[in-house]
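Subject: Structure for you to look through

Hello,

Here is the structure I said I would pass on. Please open it next to this message, and my notes follow below.

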Amino acid sequence: MIEPGDLGYVVPELIVLGTALTLLLWAAITRGDRRWMSVSIALAGNGSAALMLFMRTPADGAAVELFAGQLVVDGYSTFFRTLFLLLASLAIVFGAQRFPSAPLIDFAALLQFSLLGMMLLVGAADWATAFIAIETMAIPVYVLVGLTRFRRASLEAAMKYFALGAFASAVLVYGIAWSYGLTGTTSLAETADGIASRGDEPWSLFALGLILVALGFKVAAVPFHAWTPDAYQGAPTPAAAFVSVGPKVAAMALLARVVTLAFEPLAANITVALAVIAAATMILGNLAAIAQSDVKRMLGYSSIAHTGYMLVGVAAVSQTDAGADFVGVPSVLFYGFVYALMTFGAFAVAYVVEAQTDSNDLSAFRGLARRSMLPAAAMAVFMLSLTGVPPLSGFLGKLYILQSAVDAGLGWLAVTLVVTSVVSAFYYLRVVVLMFMEDEDAPAAASAAADAPAASGAVADAHSAVVAVTAGATVAFGIVGGGLLAWAQAAVASSLL
Amino acid sequence: MLNAPWIIPLLPLAAFAVNGLFGRRNPRWTGWVSTAAVVGSFAATVALWIASAGADQDESLLYRWVASGGFTIDIAFLTDALTIVMLLVVTGVSALVSLYAVGYMDHDANKPRFFTWIPLFVFSMIMLVISDNLLQLFVFWEMVGLCSYLLIGYWYDRDSANAAATKAFLVNRIGDFGFAIGIILAFLEFGTLRYREIFAGLGSADAGMVTAIACLLFVGAMGKSAQFPLHVWLPDAMEGPTPVSALIHAATMVTAGVYLVVRMNPLYTQAPEALLLVAAVGAFTAVLAATIALVQTDIKRVLAYSTVSQLGLMFLAAGAGAYTVAIFHLATHAFFKALLFLGSGSVIHALNDEQDMRRMGGLRRKLPVTYATFILGGLALAAVFPLAGFWSKDEVLAHVFLKAAADPGGALTADHGAGVFWLFYATGLTVSVLTAFYTFRMIVKTFHGAPRDAALHEHAHESPWVMTVPLIVLAAGAALSGAVLGIPPEHGVIHGYLEHAAGVLHLEGAGAAPTLILAVVSTVAALTGLLLALGAYGRGLPIPQRARALAPGAETLFRQKWYLDHLGDGFMVALTKAAAMLSWGFDAGVVDGIVNGVGKLSRFAGGQAGRIQTGQAQNYALLMVVGLVLTVGGLVLFR
């Protein structure tokens, strides 16, 4: 059953795993400042993994099933794996700014383990792989959130996230068990046949509901979102940046595969359920974000709101012929990609301010443009893009999602998206106003001046590069978004969906 | 190379980037960078014009930004005769004004900012007229509005400049709101925003919808082109530097509304009611603004009201179905009004920023070049034979006359109110008299008589060559453009040329009009006004006093601008108050409600941020369980 050739397709995953183990080993056998080495190992690993990813693409662009149908290598998984490798690399450079030597090496190793889980998750073709991959992704993330273990808030956040995550995992396993019991298989593709033969009987819907709830937790959809703001606020900022984009998008990718593959026969029910959840998520996420005064909490609620936007796309997906044309899945892929970059960038700038003022309060952004023009300009790009202002990538993403919603007959959901986006301008643009149109508080300026030289030059430059790359991509994918969309469309066309 | 339209907007965009990035360090060069780029644009436009001779139109897709399903957003160029005429006017006048501004802004400390916005404006204006679809036009419509806002408020340390910029911004929002709704309706009705496809879809479109779209687009045009009742922003916009007034608020941006109506002319031809609205608003605005111009004492404000009035005449022409004539008048007006503004700027520059005509007088010997060119511009504005304004304005009136004569019934009939065109014709003649009168009132008060302020007069000096050369070039245009473009009437160069844009431009046949008689009538009207002004202000004849006695309330009415600013301000104040109340209510009700609600919720959940372990995680879990029950229950119950 297991062909030796299968291993050739998982070389990227093997490299990531090897990098993680090397980092652990390195931590055990060396002393002194190992920051450069940690970053180098991780970046070299991720770079060569990305290279292998594209060298070992299935020749005819079709989906290849590996390991007796446990894993699939297709355009869909390649699209997301590329994004995750990029995000993990950015996160490690970001972490080098935040952590001293010893925690950084832990941070890097945990990041690589979680990356491995994410890469497997987007290629999962079987519930067994999916579940293992989810846990491989999630457990290192719980630790990442609590990495600054001397900080009470960090530990609280990690414990809460872990406890609730364990609860969600239990729900997921229960749902998988029901699905298996009903269909006699754990394969996603074969599940669809089993479900189709049973029709929309209550037990199928029960299993579906459990799985939707568990994945709803992972993507932070209302009402399973409550952990999000606490976790982001408590987590060290680089970890928060990674958690807010990586696991969320990975879980979204699995959700899209589940609703278009395993539970495809129940598409109509899924659409209604996801549409309601998406509407609640957009409304609550955006309204709650208005009331926040802590930038990481605000970004937490913002990420909930964006979960809602992506869920609109997934709800629309399940309504239409998957992969047949543009609408649906590619819009979710596009949105996941640009969302990840702009949100990550926003956290990176939040850290610049945190390093200057030792505060995550929104008021610390006051007059940022005066003291650090480039981070302020980048933050303006992120905020405007998150709002959905043309010509930035967030606008294009929303436009594509809107179109798939309208095409799927979900006009009311499209209207909700537009209205809540307008509401979101309130809290996003407030940051822009604070940065550009208000003068900074005197004490903040003083402490900024005092703390500014804290970060060493090269590391600070690397961090600026993270901000610049994410901001540049946010602008570029807005102006030449067609290329990314074409990639997403090609990825979906050649995938197991 | 010759047929490369993209180079036309590219050069000003590059100048914007260069001046924006490096201008602060090299302020001396900013003006020349801007001028060189715009001159290059003009040259490229001329090249395009020559290269495209004979071709009907050329569409080139520059960049397809969004293509999803049937919906596309393009950046595309449509170059037909109409576009090229507009481009020639825009880049030509911009080049001269930019050159002039090199001298005018020489002593200004912030001129890098000035020469950053000017090329950005030129770029946006080029992209506006070169667009092949309504969406691109709208985006750059907003961009030119933004540039206008920034340049009106250029001297941001003056409260009046800030207030004027805000007013322009707010009034234009009203117009743009209508415009945006019109565009949305157009998309819903035609499924596309490309002009060509819209026109192709007109045959099967709902008539009421077409009228609604035409009217809404005209609302946008009213805002941008300062038509009653949205004209109130333009006179205040004179707070900006004079080259800005000449370029943006006389020659180019404010004519965008006229361009819009002419561009969309097949749509308007299908909507006679909308055309009647266009004509009526244009005619009323023309006379309204002309009367206010009679009593202004600020030289730039006279010109501002004159601009509003002339724009009204252009809309009147368009409303009469004479689209070509509207563009003809737009082109000649660009020459002579830019000339008059720049001339007034030369005067203001010579008098240390004095704009009040009551402190001028006798400047003719001090500023000979300015005086001579100003006279030419004034004669052109007054439409005196054979200067530019004569040819175009005469055609406007002739077409209105023809439109009126086309309806023998002479009443509001099925021909959609041809009868009222007699009224419009009379209005046009009145405007002719008034225009000549206020123009020569301004000239006499500024240049003739005894100096009213000796100290200012003492220091007055002619402007440097960078300022006088544009004046001379524009004066040549003001003198000759009408004759060159418009002889013989109805069959001149511009008429023949614009006919190339067949299918885009709808030409009204001139017929066997008694052209000569009409020309004589309008010349008599112009000369009447001119002579009255010379008599009143040159000879001191008691004409104004008599007029006052005849119509005692009129002067006050004009001075108070027909009380429209008060109305407008009142409306604005009310609007602001309402908005404030609303946002306060929103703040108190919704935002505070959310804040308090979230606070209450977290108290209900049993802990504040500091006491999280006491059980908030359980409550989160409880929330999840509730969600689980709802999701699974909902799925099962509503399957």
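B:Pro229 sits in the loop between helix H8 (207-224) and helix H9 (233-236) of chain B. Helices here are DSSP runs of H or I with at least four residues, strands are runs of E with at least two, and both are numbered from the N terminus. The peptide bond joining B:Phe228 and B:Pro229 is cis, with omega about 0 degrees. Another cis peptide bond, with omega about 5 degrees, joins A:Pro390 and A:Pro391. A:Pro391 is in the loop between helix H16 (373-387) and helix H17 (393-407) of chain A. Most peptide bonds are trans, and most residues other than glycine have a negative phi.

The model is predicted: local features need pLDDT of at least 70 and side-chain atom pairs count only at pLDDT 80 or more, while totals for chains, interfaces and linings use all residues. Residues are numbered from 1 along each chain as its sequence is written, chains are lettered from A and ligands numbered from 1 in the order in which they are written, and side-chain values use heavy atoms, leaving out hydrogens and water.

Two alanines have a positive phi. For A:Ala68, phi is near 60 degrees, and this residue is in the loop between strand S1 (64-66) and strand S2 (71-73) of chain A. Its relative accessibility is 45%, so A:Ala68 counts as partly exposed. For B:Ala383, phi is about 65 degrees, and the residue is in the loop between helix H16 (368-381) and helix H17 (388-405) of chain B. B:Ala383 has 7% relative accessibility and therefore counts as buried. (Buried means under 20% relative accessible area, exposed over 50%, and partly exposed in between, with a 1.4 Å probe and protein chains only.)

Chain B has 26 helices and two strands. Of its 639 residues, 57% are buried.

Which residues have the most contacts inside the largest nonpolar core? They are B:Met264 and B:Tyr268, in a core of 195 residues. (A nonpolar core is a set of buried Ala, Val, Leu, Ile, Met, Phe, Trp, Tyr and Cys residues joined through side-chain atoms within 4.5 Å.) Helix H3 (residues 81-104) of chain B gives the most to this core, 18 residues. Leaving aside neighbours within four places in sequence, B:Tyr268 is in contact (heavy atoms within 4.5 Å) with residues including B:Ala214, B:Phe218 and B:Tyr323. Another core, of 192 residues, lies apart from that one and has A:Leu164 and A:Leu299 among its members.

Regards
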